[in-house]
Amino acid sequence: MKAWDAIVIGGGHNGLVNACYLQRAGLDVLVVEKNDWVGGAATSRELTPGFLYSNCSYVCSLFRPEIMRDLELPRFGLQVISYEGGAVFTRDGDYLANYRDHDAHRREFARFSRRDAEAYDRYSRDVTRQCRFIQPLLMRTAPDPTSFRPRDLGELLYLGRKFAGLTAEEMALTLRFWTMSISDFLDEYFETDVIKANFALSGIIGTALGPMSPGTAYVLLHHYMGEVDGSVGAWGYARGGMGAVTKALAASFRASGGTIRTGAEVDHVLIRNGKARGVVLSGGEEVYGKLVVSNADVKRTFLKLVEEKELPDIFLRRVRNFKIRGSSGKVNIALDSLPEFPALPKDSPVYRADMHFTDSIERMERAYDDWKAGRWSADPFLDMMIPTTLDPTMAPPGKHFMSCFVQYAPPKINGRDWTDADRDGFAESVISQIAQYSPGFRDRIVHMEVRTPREIEAEVGLTEGNIFQGELTFDQLLFNRPVPGYAQYRSPLSGLYMCGSSTHPGGGVMGAPGRNAAAEILRDLAKPTPHMSPAHDVI
Amino acid sequence: MNHHSTIEPSTDARTLAQSHFRTPRLGTPFQPRIDALGLQQDWYNWAGYRAPHSLWDEELEYFAIRSQAALFDISPMTKYRIEGPDAEAYLDRVTLRDVTKLRPGRVHYTAWCDDEGFVLDDGTLFRLSPTRFRLCSQERHLPWLLDSAIGYEVSVEEETEAVAGLALQGPTSFAVLRDAGFAGVERLRVFDLAEFAHDGATVTISRTGFTGDLGYELFVPADKALSLWDRLMAAGELRGIRAIGYTALNRARLEAGLIVANADFTTAEHAIRADRLRMPDEIGLGFMIDPEKGHFNGRRAILEARAKKKLRHVLVGLEIEGNIPAEHAIVYYKKSQEVGLVSAAIWSPMAKRNIALASLQRPYGDAIVDDLWVEIYAMRELQYQKLMKKAKIVPRPFIKLDRRTANPPADF
């Protein structure tokens, strides 16, 4: 019976990136995907006729340009379009916008505080410095600090040198930045509530923490270190929705000879004598492979797909304790016309930007209080946008797709599972918030898809619906991601690798985990990697 | 909060200011006049304002500075009004030079540093009264100025938009002001300022400028800007007054050996790369430091760097052989070792020399001043003509014009 050179479990973006690099190295690779489509959390789905939904991830910035180039993704249809900055609506009927133009941005802030307007440069300088420190680490395997292998020592030295390259002040700032709350960090620069709320949102997205929780400053950095074609920190839409990313990856993979089986759910990894030998599909079919790579999160991989007895107990305990708490949901809406926001001038570029309604850190923190109590937020934080204002491919002319990322939504409601009634209540909290700022909004809705952590886990396979496959707190980053001793994409089992966002450098449709895992696998196979670009220079 | 109510758009002043997004490049209060003269339509972005590189002919605009009187709109310059019983003590603490020596009615060129002694900006400080000052600079510093004011009885207010500014520079600039009826302007010596009546308001005129020539700067409330412009233009008609853009001014400032923030050095709040930060001694501003005057921001770090010889750079004036401007050329020692970079360079029409400003890594430019070269990559018809030219360190300013300091000032 055929044994594939490698079997990748899960056709999400990281699984496909991994599969592409392995296939291009000459391996014979099979991707098995439980859904009837590929994409994982980067999909475009026509859930109502004529409308494409980016129904999970919805914007693109972190996806590494080196990968787009190596895998020829533009040739397979990937295009990323930068969008305008964004806005926070205020409860007094005004809004605070972020404009791409530096001076317009300053004047906009000056409407609220002249001081804060002029504080932005220093804030931006400090965040940029931190991004420049971390950016080169994204495309490298994190060193194992307990190992004395030359390459780990080399990597540690590299980390150390990079750190030593910082001034004493920057070093202190780096340590604080990685551990402090976004609220405290912003207090050092700004005095105005809505301006702080405007920046704080990047510190909480996808995280089961509030803006006042330590560790959220790093989450902001995680959202700033991407780029759109060299414009660092910019975000864009994948033309055709986020599915365009995985569609291009799948096409690239197939063009290089790879095989994808959809509708093929893995029941468990086939293990013999402590070595992964393939997978067993849920129908019982055995598929053999010389090695197995899991794109699933670390909990799903080791608590569901591998028998516990095969794993060391400390590893198991750490995997069980890995923080992957669901914190968000998604409401995807088809609209028969562009919603109006009376607070916004009709010609405002904000219509083509991301919009928010949470105008103070305190409101964000209160929304988080609901999560802690096991409820969805009564006054949720929304990251809302209408990609069809820039992307003509996702809805018929004049009609629109609206993506609402919603926070907070707990993985369980008061300790019990979500019900359909809960889901409807959750959706209502979102719609009523939007309708407050956009009269007549309800009447424009043609179709709506509501995804609580329950739906995200069930359909996408993300444990608890956590979008990053595990929280981005300092104890779960770099050589501690996902768990100490296993940060180099290998597992306790010979022949079983990890390539999902649970691994370094984490989530956000980056592709880097998939690529770095491929580099490690090819190193184990002693295969050269001329098809893999090194990280772009940060100069 | 009530989820069922609808939020009505507000109509207060803050909301009315929303429309700024339609004009990312503001006009200055002089814009109607400048637009009418801007035949070249050659605009650039100066701190969010639409400012002219050139209005009619950049070469001839330069000669207007050196031969007649040139009018240049400096309204986009950042301006802070600093006022209060502690204003002097506060500014003495914030800025490098000794403000207690700056008498009312005087202006000085100064700079200010962060606590690590790195230069945040340079600018001019106008003492309008014993307790009232105006600080003009390239970049914006409101958070720094407000945070530094803690403990002082002083108010700091940004007044960039409220105050319009003009530079009137050139040999006939005094005659233009006199003929415009600013009686007593002849008494202004270099770095003096005085207030004059204009159109029911007050214009502050100082004998200052950025050209190394005889010249003045005028500040007026924004709503009196156009009448001031017209008054000067009318008075200057017979004395060759012309409006000019930045390209011409930039040539004049280079001849005067003056530096521009974020062109000749990177300001501390904008420097992303830590090695780009500069102490005053590293950009030719060491003369501003007065160790005797008591504490000022950055003092400890600056004095320590001096004592421990930690100053790594030096900004110098260069005279380069030949006539090809060496803009952004690399400076070499013995034609091979890279020791610095030219930040600005021109052929100087007044000095008839090829001049430049350059930042060098000490000891070059400091202890070692010989055998310096610049490599000029001159693009000519899609080919680089590479030239290795000898560079000599020379004192700044590159030109010295007696008319700049003559008292009383001459008619031309």
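This is a predicted model: local features need pLDDT of at least 70, side-chain atom pairs count only at pLDDT 80 or more; totals for chains, interfaces and linings use all residues.
Strand β7 of chain A, formed by residues 86-89, is described next. From this strand, A:G86 and A:V88 point one way while A:A87 and A:F89 point the other way, and all of these residues are buried. Strand β7(A) is joined by 4 bridges to strand β8 of chain A, residues 95-98, and the two run antiparallel; within this pairing, A:F89 has A:Y95 as its bridge partner. The hairpin of β7(A) and β8(A) has 5 residues between the strands, and in this hairpin A:G93 takes a positive phi near 90°. Strand β7(A) is also joined to strand β18 of chain A, residues 355-356, by 2 bridges, in this case with the strands running parallel, and A:V88 stands opposite A:H356 in β18(A).

In chain B, the domain assignment gives domain 1 as residues 13-77 + 162-255, domain 2 as residues 78-158 and domain 3 as residues 274-394. The C-alpha centres of domain 1 of chain B and domain 2 of chain B lie 23 Å apart, and 16 residues of domain 1 of chain B are in contact with 13 residues of domain 2 of chain B. Between them, these two domains bury about 1300 Å², of which 55% is on carbon and sulfur atoms. Of the area that domain 1 of chain B buries against domain 2 of chain B, 47% is supplied by B:M77, B:F191 and B:L193, more than by any other three residues. There are 2 salt bridges between domain 1 of chain B and domain 2 of chain B. A salt bridge is formed by B:E195 with B:R132, where the closest N and O atoms are 3.7 Å apart.

Strand β12 of chain B, residues 215-221, has 6 of its 7 residues buried, so it is largely enclosed by the rest of the structure. Strand β9 of chain B, residues 163-169, pairs with β12(B) in the antiparallel sense over 7 bridges, and B:Q169 stands opposite B:G215 in β12(B). Strand β11 of chain B, residues 201-206, is joined to β12(B) by 3 bridges and likewise runs antiparallel to it, with B:S206 standing opposite B:E217.

The residue B:C113 lies in strand β5 of chain B, residues 106-113, and is buried, with a relative accessible area of 0%. When residues up to four places away in sequence are not counted, B:C113 touches B:V94, B:L96, B:F118, B:V119, B:L120, B:W144, B:P280, B:N297 and B:I302. The C-alpha atom of B:C113 is separated by 32 Å from that of B:H20, and these two residues are 93 residues apart along the chain.

Technical notes: Residues are numbered from 1 along each chain as its sequence is written. Chains are lettered from A and ligands numbered from 1 in the order in which they are written. Side-chain values use heavy atoms; hydrogens and water are left out. Buried means under 20% relative accessible area, exposed over 50%, partly exposed in between (1.4 Å probe, protein chains only). Two strands pair if DSSP finds at least two bridges between them. Domain bounds come from an automatic or database domain assignment. Contact means heavy atoms within 4.5 Å. Buried area is the accessible area (1.4 Å probe) that two parts lose on being put together, summed over both. A salt bridge is a side-chain nitrogen of Lys or Arg within 4 Å of a carboxyl oxygen of Asp or Glu.
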